[in-house]
Every structure is written in structure tokens, then in C-alpha cells.
Amino acid sequence: MNTNSNLIPREELELLLSEYATGMLDKGLEVRVETSLLEYPDLHKEAESLRNTLALVDRDAYKASIDYQVRNLSVHVVNAMSRPKRNPLRHLAWLAPTVATAVLIVVMNINPQTQGPDQLTQSTTGTQEVSVGSPSLADSQPATAEQTTLTSLDTAGNRHVNSKVPHTNNKRLVAQEEAIVDDLVVDQIVYKMAIDASEDANETVTGITDSEIDVLLAAVISNETL
Amino acid sequence: MSTIALSLDSDAQILEAYRSGATEQAATAFVRRNQRFVYSVAMRQLNHTEDARDASQEVFMRALKGLDGFKGDSTLQTWLYRITINVCNNMRRKKKIVSWFTIGEGPEERDVASQHDLSPAETSVQTDFERFFATVLAKLPEKQRETFALRYYDELSYEEISTLVGTSVGALKANYHWAIKKIAVHLRESEYYESWREATNEH
């Protein structure tokens with residue numbers, strides 16, 4: 001019945017044992033392996049042992065377990081596809097305050113003159129303010145035919161309008177700017193002296209001492225009593 | 001629309017439906033058709049149920065974004081397998097980086113492939129034998145484990161596995177052979193084998 005051509009050589013049969021034991025062979029090859037195993041009792045015994053042992057591994061139970069794990073996956077995928085795309089850099093948001101602080105420090109180090117209580121600002125129709133510390137106001141801001149108002153802030157934080165200058169060309173604007181800066185410096189020196197004088201316990205702003213006031217008061221009182 | 005939904009039982013039909021604008025139906029059919037395969041590959045790669053689920057979702061989202069431009073140079077399954085491996089590798093890398101910046105974690109928590117993490121609900125669903133068998137598979141070399149899983153669980157032919165993993169058919173047959181032999185040794189040494197034999201002898 002069985003011809004030699006149908007028999008599988010031993011070496012090949014050994015490799016097919018695992019396939020046979022796990023039921024992975026197609027029907028035709030399975031029959032050939034069973035026939036061939038009859039020629040090799042040791043291999044036949046090993047094949048039966050493997051088959052009995054691997055019967056423990058339930059393929060259907062494994063598939064059921066996987067199906068349980070992936071339940072509703074298609075719903076999640078379709079929902080996720082319809083959601084709007086999130087910003088891919090969102091996880092770097094925590095860096096924003098650090099970067100902003102670093103940039104601020106760098107800017108302050110490059111241009112320390114921008115810091116201080118006194119600032120000269122330029123506002124064009126109330127929308128622009130440029131500090132005196134800029135390398136050149138004329139260079140950084142293109143001149144317009146509109147009137148420019150130059151203001152300053154004193155130590156009390158009050159804004160003073162210094163002058164109104166039409167700037168039709170850059171040279172004229174620079175000259176006006178320099179003159180106003182000089183005026184501001186003088187104003188600020190006078191203001192500071194006044195404050196210093198007020199802090200002196202024996203001297204008023206007008207320069208009259210306390211003892212002189214006492215004498216004047218005494219004279220007034222004596223005149224009233226007379 | 002209903003005719004499209006009913007006839008989406010092959011890759012070609014899914015592709016055609018997707019390209020014709022029935023994206024939602026095609027996406028659902030595509031995921032359902034391949035979810036078991038993608039999840040099991042991801043689970044073997046990551047050994048973590050939550051991560052495997054997240055990876056599977058990411059794989060399908062990537063695949064669906066590129067599905068319109070899929071040229072068909074390989075099968076959809078081969079294409080999905082490559083995407084899954086890439087997504088899992090990226091996920092492992094990210095986890096490693098994050099774990100280095102996490103204070104108070106031990107080395108066992110850093111190694112994502114060393115644990116088989118399950119929620120209490122999932123633990124109750126999985127039997128003792130399934131947990132034991134997972135540890136047996138984890139002891140196998142990666143190539144043998146992957147070949148066994150693709151052949152035994154996913155029921156792919158050696159030619160298909162060869163296309164997926166890029167190994168010759170002969171080498172895959174040898175991998176499967178040795179994987180089965182090692183699994184059998186572990187099973188025979190286990191308590192489950194004895195109790196199973198006793199139960200079968202009684203019958």
C-alpha cells in the first residue's frame with residue numbers, strides 16, 4: 001500500500017514533528033507523516049508525547065483572551081480619528097516661562113539703560129512709546145509728518161508733557177530730542193534737591209530754619225497780646 | 001452605504017471603500033479584521049496590556065492615515081506588522097527616557113519588557129495556566145517566541161512569516177521546532193501537566 005516515494009526521510013520527519021504535534025499540517029501531509037512515523041517507533045513515541053503535552057495550550061482560549069482585550073478598539077480608533085489634532089509641542093509648554101525669563105534676562109543685559117525710574121517715551125498719536133535708551137530714535141522709527149509728543153516720567157510717576165514737535169526730518173527730531181533730554185536732567189536735579197532739603201530736620205524748602213520760625217512766631221504772639 | 005458595510009470582508013474591498021469616501025465604515029472593518037493580529041504582536045513586544053492597547057490604537061491611526069496612499073507593494077498585514085514594530089519600539093524608547101527622569105523608581109520598573117502588567121479585572125479573566133504559559137513564552141529566545149506565536153496563534157504560513165520578519169523559511173521551521181520542544185519541556189515539568197494527565201486518565 002505504502003510506497004517508498006510516499007515516505008518522508010527521517011531528518012525531514014524530525015523537523016515536521018512540531019508541526020504535526022500542534023496540528024499545523026494540511027491533511028495530505030499529515031497522513032504522510034503518520035505513515036512515515038510507523039517506520040520510526042522512537043519518533044512516533046516522541047510525536048505522541050508532544051501532541052499530548054501541547055494539548056494543554058488552548059489556541060481558542062488565547063484568541064478569546066485577545067478578543068476580550070481589543071474589544072471596542074475600532075470605536076476608539078474611529079473616535080480618535082475624528083478628534084481635532086493636538087499641538088505636537090504641547091509637552092514643551094512647561095518650558096515657556098523658563099524661556100521667557102531667559103530672554104528677558106538676556107535683553108536686560110544687552111540694554112541695561114532701559115531699566116530705571118526715568119523713561120523718556122515717544123508716543124505718536126498715543127500708540128507708540130520708545131525709550132531714550134534706544135541707540136537712535138531717528139533710526140529706529142521712521143519719521144512721519146504727524147506731530148510727535150515727547151513726555152517724561154518724574155520720580156513720583158507723574159507724566160509731564162515737555163513739548164510738541166513736528167518732525168518732518170530726522171536731524172530736526174534728533175536735535176529736539178537732545179534738548180528735551182537736557183531740560184529733563186535739569187528738572188530732575190531741581191526736584192531731587194527739593195526732596196533732599198525737605199528731609200533735613202532744620203531746614204524747610206524755602207531755606208528758613210526752625211529757630212527763625214520760632215522767633216517769627218514769638219513776634220506774632222507778642223503783637224497779638226499788645 | 002449598507003451594501004459597502006456588508007461586503008467589507010477583504011483587504012481590497014476595505015481599500016476600495018476607504019478611497020471611495022466611506023472612511024468610517026472602512027476604518028471599522030479594517031480595525032476589526034486586523035485587531036487581534038496587531039494587539040498580539042504589540043503584546044509580545046511590550047508585555048503590558050495597557051501599553052499594547054495604546055500601541056494598537058496608534059498603529060491603526062497611523063495605518064488609516066496612510067491607507068489612502070498604500071500602494072500594495074506588500075500585503076496589508078505585512079505593512080501593519082512593520083508599523084506595529086515601529087510603534088512599539090518608539091513606545092519602549094519613550095518609556096525608557098521617562099523612567100530615567102522619574103524619581104524613586106527601581107530598575108525593575110524601568111525595564112518595560114520585564115513585567116506582565118495586568119489590572120485586577122484582567123487578572124481574574126486570565127487563568128492561572130495562561131499566566132504560567134506567558135512566563136514560559138517569555139523564557140524563549142525572541143525569534144523562537146515570535147515564530148511560534150505567528151505560526152501557532154496567528155496561523156500564518158512560513159512564507160507569510162518570512163515576508164514579515166525577513167527570515168528564511170528553513171530558519172523559521174527550525175525556530176518553530178525548537179520553540180515547541182522547549183515549551184513541551186516546561187509544560188511537562190509543570191503542575192498543570194500532571195493534573196491534566198490525571199484528569200485524562202480518569203476519563
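Here is a short tour, with something to select at each stop. Keep in mind as you go that this is a predicted model.

**Stop 1: chain B on its own**

Start by showing chain B as a cartoon. Chain B has 203 residues, and 29% of them count as buried. Now think about contacts in chain B between residues at least 6 apart in sequence: 55% of these join residues at least 24 apart.

**Stop 2: where the chains touch**

Bring chain A back into view. Here 26 residues of chain A are in contact with 33 residues of chain B. To see chain A's side of this, select α1 (10–21), α3 (41–54), α4 (59–69) and α5 of chain A, the elements that each give two or more residues to it. Which element supplies the largest share of that side? Colour α4(A), which brings eight residues. If you colour the touching side of chain A by class, expect 16 nonpolar, seven polar and three charged residues.

**Stop 3: a pair of helices across the chains**

Next, hide everything but helix α5 (residues 73–82) of chain A and helix α3 (residues 23–46) of chain B. They pack at an angle of about 140°, and their axes are 9 Å apart. An angle over 145 degrees would count as roughly antiparallel, and α5(A) and α3(B) are therefore described as oblique to each other. Their crossing is right-handed.

Show side chains for the residues that make the contact. From α5(A), pick Leu73(A), Ser74(A), Val77(A), Val78(A) and Met81(A). From α3(B), pick Glu24(B), Ala27(B), Thr28(B), Val31(B), Arg32(B) and Gln35(B). By class, this contact has six nonpolar, three polar and two charged residues.

**Stop 4**

Most residues other than glycine have a negative phi.

Select Asn47(B), in the loop between α3 and α4 (49–67) of chain B. Its phi is near 55°, a positive value. Is Asn47(B) buried or partly exposed? Asn47(B) has 19 C-beta neighbours inside 10 Å, so it counts as partly exposed; being buried takes 20 or more.

Finish at Glu155(B), in the loop between α9 (142–153) and α10 (158–165) of chain B. Glu155(B) also has a positive phi, about 55°, without being a glycine. With 11 C-beta neighbours inside 10 Å, Glu155(B) counts as exposed.

Terms used: Residues numbered from 1 in each chain as written. Chains lettered and ligands numbered in written order. Predicted model: local features only at pLDDT ≥ 70, side-chain atom pairs only at ≥ 80, totals over all residues. Axes fitted to C-alpha atoms, helices over the stretch in contact; angles between N-to-C directions. Helix = DSSP H or I, 4+ residues; strand = E, 2+ residues; numbered from the N terminus. Parallel < 35°, antiparallel > 145°, perpendicular 65-115°, else oblique. Left-handed = near helix turned anticlockwise from the far one by under 90°. Contact = placed C-beta atoms within 7 Å. Nonpolar A, V, L, I, M, F, W, Y, C, P; charged D, E, K, R; others polar. Buried ≥ 20, exposed ≤ 12 C-beta atoms within 10 Å, placed from the backbone.
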